[in-house]
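Subject: Structure for you, with notes

Hi,

Here is the structure I promised to pass on.

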Amino acid sequence: MNKIYPLIISLLIIGFYSCQNASKDSAHNTTEDAKETPASSTVVKVGEISDFVGKYDVTKDPQTENEILKGLNFGISDMQYKKIEKKYLSQFEDDEVYGYHIGDFGFYNLTPYFVNNKLYRIDINGFNKLNYNEILDEIRVVKEIFSQKYGSPIYEINPPKDQELPSNEGICISEWKAGNKVIQLCFFDFSKAVHSNLLKVVIFRSDMLEEKENQEIQKKKEYSNANKDMI
């Protein structure tokens, strides 16, 4: 019996420390998991309205909300846009580089979008980059350009790794807002002849986009109810 007591006590001590170590391991794993979990699970989609609130004070410069870029306003018609497009783009030309540029961000064209024949969105299309590190440098350049005017991004995530996105898909990696004006820096994984990445700056009016979406919902309702009185 005297020999049994020390054995029992030894087993109890081993059990106690095993539980302590298990608790520490559990806490350690929880901490590691927390580190791997993004601070925000929200994903901002390209050209869609997010819930993030803008920090730019539009009262200091009311015209900012109405301008896509200086000299190009939201709301102009398709015909008006076509008349001014080439002349407007010529302001971004430089004899020393191919295409157009805003600071050190080079782009090759603009893509306009209209609702009710009113311009509500422009995409500034950057060049394909075969070297992934070049696209990272370009991201820093673009963020600096827009942050100088609009402040730090209200939404920001790390750019995807090379070939991490499905081919030809994009994701918003930074966002700024000035009233109803939304500016998104978007990263695209592009694969056609060869694999590359590219950036787009997407600028749109959230109120005009909502108008477009509401019209689409209404059209869908009308279509789903069409001819029901004929049965």
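**Helix α3**

Helix α3 covers residues 132-150, 19 residues in total, and runs 27 Å from its first C-alpha to its last, close to the 27 Å expected at 1.5 Å a residue. That expected span is 1.5 Å times one less than the number of residues in the helix. Helices here are DSSP runs of H or I with at least four residues, strands are runs of E with at least two, and both are numbered from the N terminus.

Before I go further: this is a predicted model, with local features needing pLDDT of at least 70 and side-chain atom pairs counted only at pLDDT 80 or more, while totals for chains, interfaces and linings use all residues. Residues are numbered from 1 along each chain as its sequence is written, and side-chain values use heavy atoms, with hydrogens and water left out.

Which residues of α3 are buried? They are Y132, I135, E138, I139, V142, F146 and Y150. Seen down the axis of α3, they fall within an arc of 110°, so they line one face of the helix.

On the face turned away from the buried side sit the exposed residues R140 and Q148.

Both ends have a detail to look at. At the start of α3, a side-chain oxygen of N131 comes to within 2.8 Å of the backbone nitrogen of N133. Just after the helix, G151 has a positive phi of about 85°.

K143 is also in α3, and counts as partly exposed because its relative accessibility is 22%. Leaving out residues up to four places away in sequence, K143 touches E156, S174, W176 and L185. The side chains of K143 and E156 are joined by a polar contact of 2.3 Å. (A polar contact is a pair of N or O atoms within 3.5 Å; within protein, one must be able to donate a hydrogen and the other to accept it, and residues adjacent in sequence count only if both atoms are side-chain atoms.) As for L185, it is 42 residues from K143 along the chain, with 7.8 Å between the two C-alpha atoms.

N125 is in strand β5 (residues 118-126), and it counts as buried because its relative accessibility is 3%. What does the side chain of N125 make a polar contact with? The partner is the side chain of N109, at 2.6 Å. Beyond four places in sequence, N125 touches F107, Y108, N109, L110, T111, L199 and K200.

I124 has contacts that include L69, I102, F105, F107 and V201, again not counting residues up to four places away. In the largest nonpolar core, which has 48 residues, F107, I124, F187 and V201 touch the most other members. (Such a core is a set of buried Ala, Val, Leu, Ile, Met, Phe, Trp, Tyr and Cys residues joined through side-chain atoms within 4.5 Å.)

G106 is in strand β4 and is buried, given its 16% relative accessibility. Leaving aside neighbours within four places in sequence, G106 is in contact with Y100, H101, G126, F127 and E138. G106 and I124 are 18 residues apart in sequence and 9.5 Å apart in space, C-alpha to C-alpha.

**Helix α4**

The 20 residues of α4 (residues 206-225) should span 28 Å at 1.5 Å a residue, and the end C-alpha atoms are 29 Å apart, which agrees. Here S206, M208 and L209 are buried. They cover an arc of only 165° around the axis, which puts them on the same side of α4. Their cover includes β4, β5, β8 and β9. After α4 comes N227, with a positive phi near 65°.

**The whole protein**

There are four helices and nine strands, and from the N terminus the order is α-β-β-α-β-β-β-α-β-β-β-β-α. Of the 231 residues, 32% are buried. Among contacts between residues at least 6 apart in sequence, 56% join residues at least 24 apart.

Cheers

Conventions: Buried means under 20% relative accessible area, exposed over 50%, partly exposed in between (1.4 Å probe, protein chains only). Contact means heavy atoms within 4.5 Å. The arc is that of the directions from the helix axis to the C-beta atoms.
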